[in-house]
Amino acid sequence: GYTKYDGHSKYPIITGHEFSGEVVAIGKAVKRLKVGDLVGIESMHWCGECDACRTGMFNQCQMLEEPGLTYDGGFTEYAAVHEKYCYLLNDIVNYYDGDTRAAFELGAMIEPVGVAYNGLFVRGGGLRPGGHAVVFGMGPIGLAAAALLKTSGAAKLICFETTKERQALARKMGADYVFNPIELSEEGVDAGEMLMDLTNGKGVALFAECAGATNATYPVMAGALAIGGKTIQIGHTIGKTAVDLYPYQFKAGMISGSNGQSGQGIYSDVIALMASGRIDMRKMVTSRVPLEQIEEGIQLAGNRVAGKVLVSTEYSEIVHT
């Protein structure tokens, strides 16, 4: 009963997996950073020596460490991080005319955006502009996927989400259509057929499964897969999933698994998108919480209605947006 998370973890631990900060002290071996720098933290801490790392598969590192999960993370006033996992936020600061709060907030959201980026573009190979895209599940990862698909040229961006609050966030992130899958089922609507109608029979070029509700989503995807269509599995699921492989074989489709956000230039690319205004992930922030009130922030983040809840030593009071 101590935790609901059954993944890579060690306890007791200071949590906080997605964070940014200001460099206030450096070790003798640090060469690239200086005191005063603002940085975002890559949170899949790969070793660089195992077989996975030596083939460039950093997120599959066999000796992986993760701040907030296997050693103390970001929900604290000070955190110790190896230099190689730090990325400068200078370009974001410059784009927002010296606004360091914007840099800190966006810097803390590089990680979830990077998770979506890794799945969509690195593991999945991306979307040709003009293809139609679907995102299942509009938590922070799904919202990030929606923003990335919109800016990369999705013709019709269609999202599925059960809560009204997150449906509204999906629209803010660029969704053209947002549907409640439970309501569709109750109304007797075949979601796969509906997607084929919406795309004028072309089908969906890329599905981003960010819900982890695979037994519900894969039948929909099988019914609306475009020729050469892709499914990217980003959401974590429990148990086995029955998948009809025939549509993927017949339509030359592909299913890609994705986990993590490190390596492959992902952090640098996400920072560049943020620093050019192509994506503004602050649109998905629903609450800002001082570190001293973090317990309330964690409750907000766990209600499956919130978007992104940010915690900072710079905030003086809880603000809901």
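The largest cavity is lined by Gly56, Met57, Phe58, Asn59, Gln60, Asn118, Val122, Arg123, Ser262 and Gln264, where a cavity is a set of points on a 1 Å grid over the protein atoms alone at which a 1.4 Å probe fits but cannot get out, and lining residues have an atom within 4 Å of a point. The structure is a predicted model, in which local features need pLDDT of at least 70 and side-chain atom pairs count only at pLDDT 80 or more, whereas totals for chains, interfaces and linings use all residues. Residues are numbered from 1 along each chain as its sequence is written, and side-chain values use heavy atoms, with hydrogens and water left out.

The volume of the largest cavity is about 50 Å³, a volume being the space filled by probe spheres set on the points. One cavity of 30 Å³ or more is found in a search of the whole structure. The lining comprises three nonpolar, six polar and one charged residues.

Helices H4 (residues 110-123) and H5 (residues 140-151) have axes that come within 8 Å and cross at roughly 60°; the two are therefore oblique to each other. The crossing of H4 past H5 is right-handed. Contact (heavy atoms within 4.5 Å) involves Pro112, Val113, Val115, Ala116, Tyr117, Leu120 and Phe121 of H4 and Ile141, Ala144, Ala145, Leu148 and Leu149 of H5.

The axes of H3 (residues 100-108) and H4 come within 5 Å, crossing at roughly 40°. Here Leu106, Gly107 and Ala108 of H3 meet Ile110, Glu111 and Pro112 of H4, a contact with four nonpolar, one polar and one charged residues.

Conventions. Axes fitted to C-alpha atoms, helices over the stretch in contact; angles between N-to-C directions. Helix = DSSP H or I, 4+ residues; strand = E, 2+ residues; numbered from the N terminus. Parallel < 35°, antiparallel > 145°, perpendicular 65-115°, else oblique. Left-handed = near helix turned anticlockwise from the far one by under 90°. Nonpolar A, V, L, I, M, F, W, Y, C, P; charged D, E, K, R; others polar. 1 Å grid on protein atoms, 1.4 Å probe; cavity = no way out; pocket = protein on both sides within 12 Å on 5 of 7 lines; lining within 4 Å.
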